[in-house]
Amino acid sequence: MAALRRYLGAPFHHLGRSIYGIDCAGLIVVGALDCGFRFSDVPPYRRRGMTDMVPLVAERMVPRGGPALGAVVLFRLPRVRPNEAHHGAIVTDRGIIHATEEVGRVVEVTFGGPWPDLVHSYWDYRELAGT
């Protein structure tokens, strides 16, 4: 979690991949790379009318049945397309870490409020899953 927490406060920046600017997919990518995992970046994606994230993570990760420390959680955003995953975060011992455009930066929040009802799926980095 220390590798991820160094991004706390980093500004939100579409397609960003550093502490100087990052988005939710970027946090998943750099989180893997900072942990020493083999992980290829995702191809460029649109900011508005977002791309479903499931195909992007499915070739890089393995699905899991529920939350676990270090797992990636994908969320539905009902205002976009309610059956697709359009936002990603990483599960921590305190909740989730995610880069959010609404707040404008990377934050760690408890896994309460609307989040549990918006879960689309959980994923593990292949190295954590042992595959």
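This is a predicted model: local features need pLDDT of at least 70, side-chain atom pairs count only at pLDDT 80 or more; totals for chains, interfaces and linings use all residues.
Helices (H or I, at least four residues) and strands (E, at least two) are DSSP runs, numbered from the N terminus. Residues are numbered from 1 along each chain as its sequence is written. Local features need pLDDT of at least 70, side-chain atom pairs count only at pLDDT 80 or more, totals for chains, interfaces and linings use all residues, and side-chain values use heavy atoms, with hydrogens and water left out.

I then checked the pairing (two strands pair if DSSP finds at least two bridges between them). β5 and β6 (residues 96-100) run antiparallel with two bridges, and Val-91 has Ile-96 in β6 as its bridge partner. β4 (residues 72-76) is also antiparallel to β5, over five bridges; Val-73 is bridged to Ala-89 in β5.

Is β5 buried or exposed? I found seven of the seven residues in β5 (residues 85-91) buried (under 20% relative accessible area, with exposed over 50% and partly exposed in between, 1.4 Å probe, protein chains only).

Last, I searched the whole structure for cavities of 30 Å³ or more and got one. A cavity is a set of points on a 1 Å grid over the protein atoms alone where a 1.4 Å probe fits but cannot get out; lining residues have an atom within 4 Å of a point. The volume, the space filled by probe spheres set on the points, is about 50 Å³ for the largest cavity. Its lining includes Phe-39, Met-53 and Arg-60. α2 (24-34) and α3 (54-58) each give two or more residues to this lining, and α2 gives the most, with three.

Note on methods
On a 1 Å grid over the protein atoms alone, a cavity is a set of points where a 1.4 Å probe fits but cannot get out, and a pocket is an open set with protein on both sides within 12 Å along at least five of seven lines; lining residues have an atom within 4 Å of a point.
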